[in-house]
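Me: I'm new to this structure and would like to get to know it step by step. Could you walk me through it?

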Amino acid sequence: MRKQFFHYTIQSIAGMIGISVYILADTFFISVHSGADGLAVLNLILPVYGLVYAIGAMIGIGSATRYSIDKAQQKNTSFYFTQSIFWTLLCSVPFILTGIFLPEKFLGLLGANQHLTELGKNYLRIMLIATPFFMTNYTFTAFARNDQAASRAMAGAISGSLFNIVFDYIFMFPMGLGLSGAALATAVSPAITMLVCTTHFHSSKNQVGFHWETPSFRHILSCCQLGISAFVGELSSAITTIIFNMLILDIAGNVGVAAYGVIANLSLVAMSIFNGLAQGAQPLISQNYGMRKTENVRKLLKWSILCCLVLELVTVALSFGFTDTFIGIFNKENNLQLLNYAHTGLQIYFLGFLFAGINIMLVAYFSATVSPLPAIIGSLMRGFIAIAISAVVLSKILGLNGVWGSFLSSEIITFLVILFLAKFNHHRIFKK
């Protein structure tokens with residue numbers, strides 16, 4: 001089982017890093033093309049990505065988790081995939097309509113001035129119209145992982161990322177499409193990932209059913225209950241970005257927002273590592289929980305926590321050891337003010353990963369073992385409550401450094417709350 005655990009988690013981490021490259025590649029090429037203004041636009045749009053990914057993750061990962069548990073209990077799961085696709089497509093409709101008719105107003109709501117709105121409206125339009133690709137991508141990859149095809153899901157994510165990197169450059173520069181080209185490359189990338197995952201669904205090893213049943217709100221609600229931690233995990237980056245953008249605009253203006261754009265994009269890569277670890281462990285935890293193999297579940301949790309601790313230390317060490325190198329990748333204008341903001345911000349912000357990885361893993365564990373209360377409350381704490389309170393309070397006391405430090409503060413608070421809930425609910429995590 002240990003070999004299977006590391007096989008799943010390594011491939012899932014690689015796949016999630018691949019997904020994070022969607023936005024990271026945009027950030028690099030946009031910084032080359034449009035400088036600090038381009039970075040500011042992208043950072044204002046990042047919360048929209050977060051919301052889209054959150055809905056897709058809640059439905060896709062929640063449905064796949066329910067599929068894994070019910071399949072282990074020999075229940076009918078033949079319609080779970082098609083139900084997941086239906087509900088993600090339905091949820092994408094408002095985003096598509098906004099992209100077609102209201103991209104400028106949406107950017108204005110996100111804090112963009114007239115210049116940034118003009119620069120970013122076509123990027124946002126293309127991204128919103130492509131929402132079905134981003135959302136359904138989670139269903140394809142999550143079901144592949146839960147059907148013992150983690151390697152196919154990883155290959156799909158990496159293929160999509162490579163497409164994104166190559167065509168970001170081709171569309172933006174040789175073809176002269178600018179930011180619209182970056183959006184177009186990013187929009188097509190998840191379609192590449194899904195095509196690769198489809199090769200598993202057409203193979204003899206596939207056990208995922210494609211039976212159609214009348215959409216059931218009760219069924220999707222039971223799935224979303226297990227996907228709520230994934231929803232809040234993805235949405236937390238969007239909420240954090242919105243709050244930080246508003247606070248930083250007031251303290252340090254557009255250059256401060258651009259500096260945060262660098263930090264936020266680097267943190268997406270770090271966050272993808274821990275999300276990948278959690279999503280890699282989830283199918284095994286769910287399967288063993290469904291078969292009532294409690295000792296195996298406990299071992300899987302122990303291995304996951306140990307891996308988190310190692311990865312957290314490595315992440316923080318890299319952020320301190322290569323601070324200016326990482327920032328320089330996105331600071332092609334050699335903007336000294338941006339460098340000064342981002343240098344301090346990156347080091348303070350990344351201290352939060354000393355706790356974030358453990359919190360992500362614990363929340364995923366509770367969801368995988370059908371313990372929604374600590375999963376939901378833990379997710380809400382780190383995604384909404386603790387980060388909002390910490391950012392507002394600390395920014396008043398410490399200014400810009402308080403904004404950077406609020407991530408660490410919120411993760412510590414969340415960690416203590418999760419332990420409190422688990423211990424005083426006499427959860428199995430504390431039983432021998």
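This is a predicted model: local features need pLDDT of at least 70, side-chain atom pairs count only at pLDDT 80 or more; totals for chains, interfaces and linings use all residues.

Me: Is Ser84 buried or exposed?
Reply: The scale is relative accessible area, with a 1.4 Å probe and protein chains only: under 20% is buried, over 50% is exposed, and in between is partly exposed. Ser84 has a value of 0%, so Ser84 is buried.

Me: Which residues does Ser84 touch, leaving out those up to four places away in sequence?
Reply: Contact means heavy atoms within 4.5 Å. By that rule, the partners of Ser84 are Ile59, Gly60, Ser63, Thr139 and Phe143.

Me: How far apart in space are Ile220 and Ser63, C-alpha to C-alpha?
Reply: Ile220 lies in helix H8 and is buried, at 4% relative accessible area. Beyond its neighbours within four places in sequence, Ile220 is in contact with Ile59, Ser63 and Trp87. Ile220 and Ser63 are 157 residues apart in sequence, while their C-alpha distance is 7.4 Å.

Me: Why does the ring pair of Phe28 and Phe29 count as edge-to-face?
Reply: Rings of Phe, Tyr and Trp (its six-membered ring) pair if their centres lie within 6.5 Å; planes under 30 degrees apart are stacked, over 60 edge-to-face, and the rest tilted. This rule gives a count of 33 aromatic pairs. For Phe28 and Phe29 the centres are 5.2 Å apart and the planes stand at 70 degrees, so the pair is edge-to-face.

Me: How many residues apart are Phe355 and Phe415, and what kind of ring pair do they make?
Reply: Their ring centres are 5.8 Å apart with planes at 55 degrees, so this pair is tilted. The pair links distant parts of the chain, with Phe355 in helix H12 (residues 353–368) and Phe415 in helix H14 (residues 400–424), and the separation is 60 residues.

Me: How much space lies in the largest pocket?
Reply: On a 1 Å grid over the protein atoms alone, a cavity is a set of points where a 1.4 Å probe fits but cannot get out; a pocket is an open set with protein on both sides within 12 Å along at least five of seven lines, and lining residues have an atom within 4 Å of a point. Grid points are joined across faces, edges and corners, and a volume is the space filled by probe spheres set on the points. For the largest pocket, the space is about 310 Å³.

Me: Which element gives the largest share of the lining of the largest pocket?
Reply: The largest pocket is lined by 13 nonpolar, 2 polar and no charged residues. Here Ala, Val, Leu, Ile, Met, Phe, Trp, Tyr, Cys and Pro count as nonpolar, Asp, Glu, Lys and Arg as charged, and the others, Gly among them, as polar. The largest share, 5 residues, comes from H9.

Me: How much space lies in the second largest cavity?
Reply: The whole structure has 5 cavities of 30 Å³ or more. In the second largest cavity, the lining has 8 nonpolar, 9 polar and 2 charged residues, and H8 gives the largest share, 10 residues. The space in this second largest cavity is about 270 Å³.

Me: Where is Gln74 found?
Reply: Gln74 is exposed, at 75% relative accessibility. Although not a glycine, Gln74 has a positive phi of about 60 degrees. Its place is the loop between helix H1 (2–72) and H2.

How values were computed:
Residues are numbered from 1 along each chain as its sequence is written. Side-chain values use heavy atoms; hydrogens and water are left out. Helices (H or I, at least four residues) and strands (E, at least two) are DSSP runs, numbered from the N terminus.
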